[in-house]
Amino acid sequence: MTPEQFVAGLPKAELHMHVEGSIEPDLFLRLARRNGVAIRWSTEEELRAAYRFSDLQDFLDLYYDGCRVLVRAQDFHDVTRAYMRRAHADSVLHCELFFGPQGHTSRGVPIAAVMDGVLGAMEEARAQDGITGGLIAVAQRHRSEEEALAMLDELAPWHERLLGFGLGGAEVGNPPAKFARFFERCRTLGFKVVAHAGEEGPAAYVRESVELLQVQRVDHGNACVDDAALVSELARRRMPLTMCPLSNLKLQVIDSVAEHPLKRLLDAGLCVTVNSDDPSYFGGYVNDNYLACQQAFGLSRQDLAQLARNSFEAAFIPQEQRLAAFAQVDDWLARAVGPELEAKE
Ligand code: HPA
Ligand code: ZN
């Protein structure tokens, strides 16, 4: 079995994927036409050529602008369903999706259109493919904490359908502490909380997310490697990091995947997971990210299976579902390495 075949069939969870970052160029053009939204590109090739970024802000400018093609519930349904179909084909058993309500409501899109579309697609995917999903609303960190609190209130009719809340967008200059009250309120209401930190920002933002915001997972978290005491603390807590190597490469956080801290942190005992972030913009779905790591670090099948196990350990799922998923990972590993081991004996 080749690494490609092993990764393709490896049961996994994806925990860091933005719905708005999964609009493939063909769907993007169809949605723009369907909604009469003027865009700068007319072909898929032109769009793909535009997906070159110098840093996070450069990407965010295009990403927020691209959200304009999402107008009606059907649009949110189509993009979510397309991602989940693709994830199912990548042996993703469970996914936790980020979406950014503020990027839509600020354009006059009713929050009900967003929620009906995304939730409807998640139900359909579960019924048709058996893939489970959860939803995490992300506050944009360049906006104020008051706006984040207003978003939380606006989502009140759907609180039962949400897993939790997160923090995304322009990191540098917008420290986690800016959202301390928002996170406290989310936690008090019983939500899971996560935050993007240490993607472009410093290790101190990772520490602040964990200690002040009391997040249950850190999204990216790369910069923690600059603080040895923090790395030890994250390992002690088994604090999950939802890492996205191809995203980091595209946004020039790293110059090559071999430079990515993922393997160092895995070896240090952290609960590292592999994810795609914004797959249509960054040119790779979750399996492409696993394979990029396999190649850059020469990961063994045991390493790859550990990353998959970590994804279920870090997922916000019932323990019963977690144990069943661990067993599926172990079965796949046994099937893949069994004949090799026998041959060696
Ligand atoms: N970082 C911050 N915000 C984001 C990202 C990211 O990688 N993707 C979508 N929103
Ligand atoms: Zn992200």
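## Overall fold

The model is predicted.

The protein contains 17 helices and eight strands. Of its 345 residues, 57% are buried.

## Zinc site

Four residues coordinate the zinc ion (ligand 2): His16, His18 and His196, each through NE2, and Asp277 through OD. The donors lie at 2.1 to 2.2 Å. Angles among the four donor atoms run from 81 to 170°, and the site is irregular. A tetrahedral assignment would need all angles between 85 and 135 degrees.

The spacing of the donor residues in sequence is H-x1-H-x177-H-x80-D. Histidine 18 belongs to strand E1 (residues 12–18), whereas aspartate 277 sits in the loop between strand E8 (271–274) and helix H14 (279–282); the pair therefore ties together parts that are 259 residues apart in sequence.

Histidine 18 is buried because its relative accessibility is 8%. Aspartate 277 is buried as well, with a relative accessible area of 3%.

## Largest pocket

The largest pocket holds about 180 Å³ of space. Its lining consists of Leu119, Met122, Glu123, Arg126, Thr132, Gly133, Gly134, Leu135, Arg161 and Leu163. By class, these lining residues are four nonpolar, three polar and three charged.

Two elements, helix H7 (111–129) and strand E3 (132–140), each contribute at least two residues to the lining. Leu119, Met122, Glu123 and Arg126 have numbers that fall within helix H7 (111–129). Thr132, Gly133, Gly134 and Leu135 have numbers within strand E3 (132–140).

## Cysteine 95

Cysteine 95 is part of strand E2 (residues 92–99). Its relative accessibility is 0%, so cysteine 95 counts as buried.

Serine 311 is 216 residues from cysteine 95 along the chain. In the model, the C-alpha atoms of cysteine 95 and serine 311 are separated by 9.7 Å.

Notes
Residues numbered from 1 in each chain as written. Chains lettered and ligands numbered in written order. Predicted model: local features only at pLDDT ≥ 70, side-chain atom pairs only at ≥ 80, totals over all residues. Heavy atoms only, no water. 1 Å grid on protein atoms, 1.4 Å probe; cavity = no way out; pocket = protein on both sides within 12 Å on 5 of 7 lines; lining within 4 Å. Points joined across faces, edges and corners; volume = space filled by probe spheres on them. Helix = DSSP H or I, 4+ residues; strand = E, 2+ residues; numbered from the N terminus. Nonpolar A, V, L, I, M, F, W, Y, C, P; charged D, E, K, R; others polar. Donors = N, O, S within 2.8 Å, 3.2 Å for Na, K, Ca; no water. Tetrahedral: all angles 85-135°; square planar, octahedral: opposite > 155°, others 65-115°. Buried < 20%, exposed > 50% of the residue type's maximum accessible area, 1.4 Å probe, protein only.
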